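Please open the structure in a viewer and keep the sequence panel beside it.

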Amino acid sequence: MLKNRIIPCLDVKNGRVVKGINFVDLKDAGDPVEQAKIYSDGGADEICFLDITASNENRDTIYDVVEQTSKKCFVPLTVGGGVRSVEDINKLLNCGADKVSINTAAVENSKVVIDSSKKFGSQCIVVAIDAKKNGDKWEVFTHGGRNNSGIDVLEYAEQMEKNGAGELLVTSMDRDGTQVGYDIDLMSKISSKVNIPVIASGGVGNLDHLVDGIKLGKASAVLAASIFHYGKHSVKEAKDYLDSKGIPVRI
Amino acid sequence: MNVTIVDYKSGNISSVINSFKEVAKNKVTIEVTSDLNKIKSSDKVVLPGQGSFKSCMDALDQIKGLKDTLNEFAINHKKPLLGICVGLQMFADVGYEETETKGLGWVSGKVSKIDNQNGKYKLPHIGWNQINIVKDSKIFKNIENNSHMYFVHSYEFVPNDKKVISATTDYSSNIVCSVEKENIFGTQFHPEKSDRIGLKIIDNFINL
């Protein structure tokens, strides 16, 4: 039976982890490679890096991080943030990323998803959707949530599936950082609309939220950042909890 | 001993390279090449594969003499070869992804789309699933039945002779996820992404 996945996400800026695990025995709390290894050793089903490097001259730092991580972690590694072109995707894959998530570029230029999924296969193309509620629908935001494209999220999700996305990583901007739980309505509507797996993101504050994301939101995988940082919960605790609620996980 | 990972521009093979190097340490040489002479002289060959059946077969065809060299290696000389994901699928006679495409024909059978039962099962089949080991395979030495492996695929290999099947996984139906036919081994899942247990399978192959 296919298991639901738990994916810890690390924000990386200029090659350093911005928010991360804050264990006392950690040699270097800012080292993304060390943090990713702790997660994969702890049973993470995948690792996600979100590159939030703002300046262009430091962009290349992520490539080195990916290269070092892929030599130490033998679970799938997804990398996103600032991915603009097929060439960017190619470089990340060559450095050892298994999947690349595309956000703004997928909205601005549909060819990026179409061409990259043809070239590298759908299995490594994740389309990241930042969704914000507006009345009774959700709209797609770009540029790290700063710009409203006005595009309807459900229509967009369907289009991205057609364009060749292998998975959708859906973040509720209304919930992100609030710790009140995923936007279940959004997740379940998207998940019912498309036939590709949906990864739920944004708003996790406790382990019950992970359960809800899968049971009610019908997500195939749940992504979380802050609950795994600062040692609040370990990935193993999360898995044991999901297991106790009857959700199939890899233990 | 040396193991060659065939680099025929079939997508991303860096994870395969990293995992084999991790397992091999300094005891075994891992070559990554499409050089025909190097392939011929290697002890074992790994055939990775990403993207579609057709794109991988096309990529093999792009390198003159590669198919013949692989045939000679695996069929004539019966040296150990491991196909991963589409690398396994290409063992078949024919694949139906994108368009009907002739395969290598090493293990008789076809590659067709997984039946998603009218949307009940999402495709691609992505994530960790358990393998049901149905026959002793040398690459499953010290691998427990029902171990979790990482999968990413929408197409499945359906061999004609069920005796070649070494493991299946349950997704929509019993999908063939590993085969062994004499010196030819294949996994539909990605041992290179399946954590310590996946590395053990790679170790088993290297130590055949």
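**Stop 1: a proline in chain B**

Begin with B:Pro124, which is placed in the loop between strand 7 (109–113) and strand 8 (125–133) of chain B. Helices (H or I, at least four residues) and strands (E, at least two) are DSSP runs, numbered from the N terminus. Display the backbone from B:Leu123 to B:Pro124: the peptide bond there is cis, with omega near 0 degrees.

Before moving on, note the conventions. This is a predicted model, in which local features need pLDDT of at least 70 and side-chain atom pairs count only at pLDDT 80 or more, while totals for chains, interfaces and linings use all residues. Residues are numbered from 1 along each chain as its sequence is written, and chains are lettered from A and ligands numbered from 1 in the order in which they are written.

Chain B has a mean pLDDT of 96, and 100% of its residues reach 70 or more. For the complex, the predictor gives an ipTM of 0.93 and a pTM of 0.95.

**Stop 2**

Select strand 1 (residues 2–6) and strand 2 (residues 29–33) of chain B, which run parallel and are joined by 5 bridges. Strands count as paired if DSSP finds at least two bridges between them. Within this pair, B:Ile5 stands opposite B:Val32 of strand 2.

Next, select B:Lys25, in the loop between helix 1 and strand 2 of chain B. B:Lys25 is not a glycine, yet has a positive phi of about 50 degrees. Is B:Lys25 buried or exposed? B:Lys25 is exposed, because 7 other C-beta atoms lie within 10 Å. The classes are buried (20 or more other C-beta atoms within 10 Å of the residue's own), exposed (12 or fewer) and partly exposed (in between), with C-beta atoms placed from the backbone.

**Stop 2: an open sheet in chain B**

Now show the open sheet of 4 strands in chain B, whose order is 6-5-7-10 with mixed pairing. Its edge strands, each pairing on one side only, are strand 6 (101–102) and strand 10 (155–159) of chain B. Strand 5 (residues 94–95) of chain B is antiparallel to strand 6 of chain B, over 2 bridges. To see one of these bridges, select B:Gly95 and its partner B:Thr101 in strand 6 of chain B.

B:Glu98 has a positive phi of about 70 degrees although it is not a glycine. With 13 C-beta neighbours inside 10 Å, B:Glu98 counts as partly exposed.

**Stop 3: helix 6 of chain A**

Move to helix 6 (residues 153–163) of chain A and select its buried residues: A:Val153, A:Tyr156, A:Ala157, A:Met160 and A:Asn163. They lie on the same side of helix 6 of chain A, because they cover an arc of only 125 degrees around the axis. This arc is that of the directions from the helix axis to the C-beta atoms. The face turned away from the buried side carries the exposed residues A:Glu155 and A:Lys162.

Centre on A:Asn163, which counts as buried because it has 20 C-beta neighbours inside 10 Å. Apart from residues up to four places away in sequence, A:Asn163 touches A:Ser110, A:Val113, A:Ile114 and A:Ser117; contact requires C-beta atoms, placed from the backbone, within 7 Å. Just after the helix, A:Gly164 takes a positive phi of about 120 degrees.

**Stop 4: the nonpolar cores**

Finally, which residues have the most contacts inside the largest nonpolar core? They are A:Val100, A:Leu168 and A:Val170, in a core of 81 residues. Strand 6 (residues 125–134) of chain A gives the most to this core, with 6 residues. A second, separate core of 61 residues includes B:Leu60, B:Met90, B:Ala92 and B:Tyr155. A nonpolar core is a set of buried Ala, Val, Leu, Ile, Met, Phe, Trp, Tyr and Cys residues joined through C-beta atoms within 7 Å.

Definitions and conventions: pLDDT is the predictor's confidence in each residue, from 0 to 100. Two residues are in contact if their C-beta atoms, placed from the backbone, lie within 7 Å.
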